[in-house]
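Here is a quick tour of the model below. Have the viewer open as you read.

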2 protein chains.
Amino acid sequence: MKKELSAIEAKYEAQKIAFGPIYFQSVVALRELGILQFIGEHRRGVTVDAILEKLDVSEYSVHLLLEAAEVLGVVDIEGDIVRISKVGFFLLKDEMTRVNINFMNDVCYLGAKNMTESFVKGKPEGLKVLGDWPTIYEGLSVLPEPAKTSWFEFDHYYSDNAFPDALKIVFRKKPGLIFDIGGNTGKWSFACCAHDEEVRIKILDLPVQLKVAKANAAAKNLLDRIEFQEIDLLDAAQKIPQGADVIWMSQFLDCFSKEQIVQILENAYQAASPETTLYILEPFFDNQNYPAAHYSLVATSLYFTIMANGNSKMYRIGVMKELVDKAGFEVIETYPLIGDSYHTILECRKKQQA
Amino acid sequence: MKKELSAIEAKYEAQKIAFGPIYFQSVVALRELGILQFIGEHRRGVTVDAILEKLDVSEYSVHLLLEAAEVLGVVDIEGDIVRISKVGFFLLKDEMTRVNINFMNDVCYLGAKNMTESFVKGKPEGLKVLGDWPTIYEGLSVLPEPAKTSWFEFDHYYSDNAFPDALKIVFRKKPGLIFDIGGNTGKWSFACCAHDEEVRIKILDLPVQLKVAKANAAAKNLLDRIEFQEIDLLDAAQKIPQGADVIWMSQFLDCFSKEQIVQILENAYQAASPETTLYILEPFFDNQNYPAAHYSLVATSLYFTIMANGNSKMYRIGVMKELVDKAGFEVIETYPLIGDSYHTILECRKKQQA
């Protein structure tokens, strides 16, 4: 959006924002009714009559949804022939786009109506449409479907891609004991155990998350290598124990406000020895390679506002480095956009002079 | 969207669709919290600190909403200075955009979640979030606020601009009696009475609408010039009476499906003499001057699906002319985009050979 827009273009852009929700739902309907898929299967194009013949959808639905899809640039229509566009192809086939749409529709859509209220109260006022919890983290393991599936697919999409390279980075110095702070379902810990036969892990998280992680660990026969410690890091009295070679925080700090992040990092500081390495894995929105990623990450911040906890967000990399510094750590290495991911790893140690 | 997009651009466009709802709500929040207005009042730009000082909004809210606004192209940020963009200016000041956003947020947003279901059932399955009526027309006069205000502002925005030129066209032949079919609150009828001191009007509509129109007419001292006739035009047994010089249908036929439109026009046909002129005023989405208008009108069709009646839409001008022909009328004159409006008037007579 760097070039100067004409008034006509700017008015058009404003309407795209104004009608974003209803056009979003038209794409969901195109997908749910199988129309987009049918068109996508025929790259040379199909006629409206063929769509009506093959799919059990009313003429009204097909005509109107194609009018919407054409306006959105999701299909191209020439005469009687409908073809999927590149945008339509991404809506249909791209995993990032699929995961984002489902997350928006199943987790965020209804709750987003309460955005102003969420900002005013500093609480996720949209969350009540899914359940009665102070934050979504207490409810994760019992979210109603399809919100639960869509939440976990979204979460894993944005972290799984980072794991292979992250493992290489973390295990370069062959740590014996890793603290997985906010370990959630245990995915990272299990990946570590698979990567290195000797490493031991301690997952620290809220009780409700630990229950799930423990069950998953049992299913994988990893209870002898993984310990579990209940901790609420918003309570400064609950200390992270000492003894870790690596303290790992993967997409964890973005769940908190700046003040809370400093408090959590100070907690890690008291637990760390001069030899402990603190790794922070985060998708920073301002060091992405392409605009779709930046766009997705800022939207994810808005999800934190309305559904997650009302006060956290994705950060700029410079802001996170300031918070790290404030807590007494220094960033000794930055690994930007590792693997095919949106994530950067900050490798941190206690400051020498501290 | 005519130019060929690169894969990176197409992926970006797909994310704009995917996150449309949450970014829409971020713009609503920017507006409701007064942030957009404050920035707009300082065309040379303001600092974030100035926003925080002047407005009672948290630092978190301002930072995140500005990150979202920057991604959307609603503000431009250079260093510490935030300026409103042209797109932001339209969001703030343009009446069409204001009316569209309110209509989306207050009338359509929550109901749009039921779009697929609405298409499948051919019923406005989103309407239940506002009330328990088969169509929105039964509920118009008792809609909860703010939906009611936003609905009427939207409706009037898209018709008021057309009235001055429409009056000139309709009164060229000085009609003595006009039937205002689907006259709703009576705005057109009152405009006619103000335009011509001698004209008499008969408003034909559903009972619930007539009640409102009658009260409005009483307040304007027009009960001696306007008659009211209850009619449900979906019931083919209820006939439009004879005797009109002009039969007027303003943004009325778009409330119905193609089959219903033919039935209504056939009803008008039996009521018309060879001298009766039928005027159809409609915004046809395919003969608009700029893309924002086309975009708005197709979105309005989707509103019909989810909230209004589940089976009507804005039409292409060619489709409407076919339906007119099918009912026995011929279009003797087309007045495209009259005044500063989105509307075209089709002037019709019974076919000579009929």
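Helices (H or I, at least four residues) and strands (E, at least two) are DSSP runs, numbered from the N terminus. This is a predicted model, where local features need pLDDT of at least 70, side-chain atom pairs count only at pLDDT 80 or more, and totals for chains, interfaces and linings use all residues. Residues are numbered from 1 along each chain as its sequence is written, chains are lettered from A and ligands numbered from 1 in the order in which they are written, and side-chain values use heavy atoms, leaving out hydrogens and water.

## Chain A at a glance

Chain A has 16 helices and ten strands, and its C-alpha atoms fill a box of roughly 70 × 50 × 40 Å along the principal axes. Of its 354 residues, 60% are buried. Buried here means under 20% relative accessible area, exposed means over 50%, and partly exposed is in between (1.4 Å probe, protein chains only).

The accessible surface of chain A is about 14,200 Å², with 49% of that belonging to carbon and sulfur atoms. These areas come from the Shrake-Rupley method with a 1.4 Å probe, and for residues only the protein chains shown count as cover. Among contacts in chain A with a separation of 6 or more, 67% are between residues 24 or more positions apart; a contact means heavy atoms within 4.5 Å.

## How the two copies relate

Chain A superposes on chain B by a rotation of 180 degrees with 0.0 Å of shift along the axis, at an RMSD of 0.0 Å. That is the relation of a two-fold axis. Both copies use the same surface, as 100% of the contact residues of chain A recur in chain B.

## Core and chain-to-chain packing

The largest nonpolar core has 224 residues, and those touching the most other members are Ile22(A), Tyr23(A), Tyr303(A), Ile22(B), Tyr23(B) and Tyr303(B). A nonpolar core is a set of buried Ala, Val, Leu, Ile, Met, Phe, Trp, Tyr and Cys residues joined through side-chain atoms within 4.5 Å. Take a look at Ile22(B): leaving out residues up to four places away in sequence, Ile22(B) touches Met104(A), Cys108(A), Ala112(A), Met115(A), Ala299(A), Leu302(A), Tyr303(A) and Ile306(A).

Thr97(A) sits in helix H7 of chain A and is buried, at 0% relative accessible area. Beyond its neighbours within four places in sequence, Thr97(A) contacts Phe90(A) and Leu91(A), plus Ala14(B) and Gln15(B).

## Salt bridges

Within chain B, Lys173(B) and Glu347(B) form a salt bridge (3.0 Å, N to O). Lys173(B) lies in the loop between helix H11 (163-170) and S4 and Glu347(B) in strand S10 (residues 344-350), so the pair ties together parts 174 residues apart in sequence. Lys173(B) is partly exposed at 47%, whereas Glu347(B) is buried at 3%. Over in chain A, Glu117(A), Lys121(A), Glu125(A) and Lys128(A) are linked in a salt-bridge network.

Most residues other than glycine have a negative phi, and most peptide bonds are trans. Which bond is cis in chain B? The one joining Glu145(B) and Pro146(B), with omega about 5 degrees. Pro146(B) is in the loop between helix H9 (136-139) and helix H10 (147-160) of chain B. In chain A, the bond from Glu145(A) to Pro146(A) is cis, with omega near 5 degrees.

Asn221(A) has a positive phi near 60 degrees and is exposed, at 68% relative accessibility. Asn184(B) has a positive phi of about 55 degrees but is buried, at 18%.

Conventions: Least-squares fit on C-alpha atoms with pLDDT ≥ 70 in both. Salt bridge = Lys/Arg side-chain N within 4 Å of Asp/Glu carboxyl O.
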